[in-house]
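Here are my notes on the model you sent. Please read them with the structure open.

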Amino acid sequence: MNIEERLLKKDKRACARLISMLENNDEEAIKIIKNLYHKTGSAYVIGITGPPGSGKSTLTDRLTKELRKEGKTVGILAIDPTSPFTGGAILGDRIRMSDLALDKDVFIRSMGTRGFLGGVSKATWGAVKILDMYGCDYIFIETVGVGQSEIDIVKMADTVLMVLVPNMGDDIQAIKAGIMEIADVFTINKSDLDGADKTKMEIEMNLDLNEKKDYRPPVVKVSAQKNEDIDFLLSKLKDHESYIKNTGKIHEIRRRNLKTEILQLAEEEVLKIIMNKAYENDLIDALSTKVEKREEDPYTAKERIVALLND
Amino acid sequence: MDRPIRVLVAKPGLDGHDRGAKVIARALRDAGMEVIYTGLRQTPEQIVAAAIQEDVDVVAMSLLSGAHNHLFPKVVNLLRGEGVDDVLVLGGGVIPEDDIPSLIESGVEAIFTPGTPTKDVINFINTNIKRK
């Protein structure tokens, strides 16, 4: 049996190997995704994002256990940062998900960002498709711990869950642009700590200022560690799922996400062509030397490289 | 090799001493490897399941409880049972010299005892990796 057939037979090793091949830019993996793409689209993708240490992994573990009670199959892509200096990484999200390792209907994969900014890795888009083909009902993408502007998760997920903790900052943080704008559901984890109500109120007040729409992101207090109100949080995630499915918005969201994905793939290819041209015969070195000597300006130098693309 | 080597660093058994595992994890990270750390008190079954899902090149186990003669070979056998034959299995921790030959015999490819420079572990992995 080849890897493609094994994947469809729910062979974990095949699924795991295919994700590796994709991460390593193996053409064979792309070919398999092309062949099987028509089978994807049934998995529901939930992005889980939030600052480092907010409890994303523990929450992913708890939400997965809730879904397993309903008999749903779950895939988890847990992303941690790759060192920009050595290319190495410590992928430590599994620590919080030990109990799930032996569940045959759960597949967990840790991924390094491998130079990609935005809170996810380049291969995450493809890995979601592989897990979809493998047969997961739900796929969680757990981003790296994010700051204020890593919002790529919104371009991959059907529903985005933003995990916050009490006392992260004053109410100005809540009205800042970026990460606070992408959530479909907010959760305040560790809400047994002081300040949870205040944090909830600040987010609610910020939501009050949004243009009135027929969907308003709920703000749910939970404690992942103590396993409190996880079922309620899941019900809120499912409310959003029902909302976008019933209104047909899901197609809008998925089209928007695919648009980004296709453009991203194209951009990558074009960038490769530009880089090849720029480095051919050390052109970029010659140009930067000229620019440094003020014999030429950066804009003209750029035009010289772009002109080569038309050859 | 133009891909990062993936290593599962696991703590089987019941001891809670993970300083060594963390030092190794950090050293392998600095050597450009992707290290998946499982955390404490993992059963051999959990370790093998994680190794498969993470598609690792290396399973590196650290154990200081004395149960190495039981747990290390068990991981090797479970991997074989799953048909996994391209993963390098390593052991580390306080392992008596006398126990090492039988562990190697059971299929653990190397045992690193306290005092081993992390460089040696990195070199061993780079030299003995089974997948290109």
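This is a predicted model: local features need pLDDT of at least 70, side-chain atom pairs count only at pLDDT 80 or more; totals for chains, interfaces and linings use all residues.

1. **The contact between the chains.** Chain B puts 24 residues into the contact, and chain A puts in 25. On the chain B side, the elements that give two or more residues are α1 (19–30), β2 (34–37) and α2 (44–54). Of these, α2(B) gives the most, with seven residues. By class, the chain B side has 11 nonpolar, six polar and seven charged residues.

2. **A covered strand in chain B.** Look next at strand β4 (residues 88–93) of chain B. Six of its six residues are buried. Both faces are covered. One side carries Leu88(B), Leu90(B) and Gly92(B), and the other carries Val89(B), Gly91(B) and Gly93(B). Why do these residues split into two sets? In a regular strand the side chains alternate between the two faces of the sheet.

3. β4(B) pairs with strand β3 (residues 58–63) of chain B. The pairing is parallel and runs over six bridges. Met61(B) has Gly91(B) as its bridge partner. Gly91(B) is also one of the buried residues of β4(B).

4. **Two helices packed in chain A.** Helix α2 (residues 12–23) and helix α3 (residues 27–36) of chain A pack at an angle of about 120 degrees. Their axes are 7 Å apart. The crossing is left-handed. From α2(A), Leu18(A), Met21(A) and Leu22(A) meet Glu28(A), Ala29(A) and Ile32(A) in α3(A). This contact has five nonpolar, no polar and one charged residues. The spacing along the helices fits a general rule. An α-helix has 3.6 residues a turn, so residues three or four places apart point the same way.

5. **The helix at residues 249–279.** Is helix α9 of chain A buried or exposed to view? It is hardly covered, and the count of buried residues among its 31 residues is zero. Its length checks out: at 1.5 Å a residue, helix α9 (residues 249–279) of chain A should span 45 Å, and its end C-alpha atoms are 45 Å apart, which agrees. After α9(A) comes Asn281(A), whose phi is positive, near 55 degrees.

How values were computed. Residues are numbered from 1 along each chain as its sequence is written. Chains are lettered from A and ligands numbered from 1 in the order in which they are written. Helices (H or I, at least four residues) and strands (E, at least two) are DSSP runs, numbered from the N terminus. The expected span of a helix is 1.5 Å times one less than its number of residues. A residue is buried if 20 or more other C-beta atoms lie within 10 Å of its own, exposed if 12 or fewer, and partly exposed in between; C-beta atoms are placed from the backbone. Axes are lines fitted to C-alpha atoms, for helices over the stretch in contact, and angles run from 0 to 180 degrees between N-to-C directions. A crossing is left-handed if the near helix is turned anticlockwise from the far one by less than a right angle, and right-handed if clockwise. Two residues are in contact if their C-beta atoms, placed from the backbone, lie within 7 Å. Ala, Val, Leu, Ile, Met, Phe, Trp, Tyr, Cys and Pro count as nonpolar, Asp, Glu, Lys and Arg as charged, and the others, Gly among them, as polar. Two strands pair if DSSP finds at least two bridges between them.
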